[in-house]
Amino acid sequence: MTQAIMTATLAPRRGMPPVLKHLLVTVAYLVVIVGIWQVYVTAADVPIYLLPAPDAVWESMVGMAQDGLLWGNMLYTVRNIVIGFVGGVLIGTVLGYILWASRWAREIAAPYIVVLQAAPKIAVAPLLVLWFGLGFESQMALILMLSFFPMMVSMRLGLESISSDVETLGRLLNMGRWRYFRTVQLPGSMPELISGAKIAIIDAMTGAFLAEYISAQVGLGYLMVLGNSSYNTPMLIAAVLLTVVAGLAGFGLIGLAEKRLLRWRTNR
């Protein structure tokens, strides 16, 4: 009997799976936010053109889905975000490596890159439209301008964080440049790259919505413009909420990649 009690006490407790726990927490947050929203609109008798109730926004979202207005615009925005994010990751990683490896590149290119990044994008966007036109090219240029910079900085910081002893060991083992990069530098820089990717995905979404808000005739940004210009506040808020959902989904995917690629760190 005593042995059975001790075994039951020492046995690992099976708690709720982390995914289910996070899902329940997210649903709880949404319920609280929607509840406060509904109570405020009802209690204060807020006009629908200022702040519609949650059910009006939901009906607008369902109506756009049934009319075919929602899916095409959402897919267009998601496609631009994915292409811009992947392009920004590749460009930023390559530039970060070049700036780390070459002192000449740092001294020549780094100031121009910083000045370009410091320029307000809301002011640069009309210039991109003027140079590349009202289409995919100007939107992608804006997304890439926003998303490559955090990856470039993260790559350079990650490479600089590798110990000189490790570099010496790589030379003693006669490792080629590509093998050293693939087996030492890239894994060693992964924590910084993941951090940069979390910023880059948000920047890519910001660039996509900003570009669509200014120049596009399709996309979630365009739905915001359409809702604003037609005084359709439920449509405007529905587009904003879909934007938030897209942002959370992108950030969540990077978080899942972090858990998989940096499993050694989470298990410490």
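Student: In this predicted model, which residues does phenylalanine 85 touch, not counting residues up to four places away in sequence?

Tutor: Phenylalanine 85 touches Ala197, Ala200, Ile201, Ala204 and Ile254. Each of these counts as a contact because heavy atoms lie within 4.5 Å.

Student: What makes the set around Val57, Met61 and Phe85 a nonpolar core?

Tutor: A nonpolar core has to consist of buried residues of the nonpolar kinds, joined through side-chain atoms within 4.5 Å. The largest such set here has 36 residues, and Val57, Met61, Met64, Ile81, Phe85, Ile201 and Ile254 have the most contacts inside it. At least two of its residues come from each of α2, α3, α4 (69–101), α7 (136–160), α9 (177–214), α10 (220–229) and α11 (233–261). The helix that gives the most is α9, with 11 residues.

Student: Which residues does the second core include?

Tutor: That core is separate and has eight residues, among them Leu128, Ala141, Met145 and Ala211.

Student: How do you know whether proline 52 is buried or exposed?

Tutor: Buried requires a relative accessible area under 20%. Proline 52 has 1%, so it is buried. Its place is in the loop between α2 (18–44) and α3 (54–67).

Student: What is proline 52 in contact with, leaving aside neighbours within four places in sequence?

Tutor: Proline 52 is in contact with Trp37, Val41, Val57, Thr233, Pro234 and Ile237.

Student: Why are α7 and α9 called roughly antiparallel?

Tutor: The two helices pack at an angle of about 155°, with their axes 7 Å apart. Angles over 145 degrees count as roughly antiparallel, and α7 and α9 are therefore placed in that class. The crossing of α7 past α9 is right-handed. Their contact has 17 nonpolar, nine polar and three charged residues.

Student: What makes α5 oblique to α7?

Tutor: The axes of α5 (residues 103–118) and α7 cross at roughly 140° and come within 11 Å. Roughly antiparallel would need an angle over 145 degrees, and roughly perpendicular one from 65 to 115. The angle of α5 and α7 therefore counts as oblique. Their crossing is left-handed.

Student: Which residues meet where α5 and α7 are in contact?

Tutor: From α5 come Arg106, Ile113, Leu116 and Gln117, which meet Met145, Leu146, Phe148, Phe149, Met152 and Arg156 of α7.

Student: How many residues of the α5 and α7 contact are nonpolar, polar or charged?

Tutor: Seven are nonpolar, one is polar and two are charged.

How values were computed:
Residues numbered from 1 in each chain as written. Predicted model: local features only at pLDDT ≥ 70, side-chain atom pairs only at ≥ 80, totals over all residues. Heavy atoms only, no water. Helix = DSSP H or I, 4+ residues; strand = E, 2+ residues; numbered from the N terminus. Buried < 20%, exposed > 50% of the residue type's maximum accessible area, 1.4 Å probe, protein only. Axes fitted to C-alpha atoms, helices over the stretch in contact; angles between N-to-C directions. Parallel < 35°, antiparallel > 145°, perpendicular 65-115°, else oblique. Left-handed = near helix turned anticlockwise from the far one by under 90°. Nonpolar A, V, L, I, M, F, W, Y, C, P; charged D, E, K, R; others polar.
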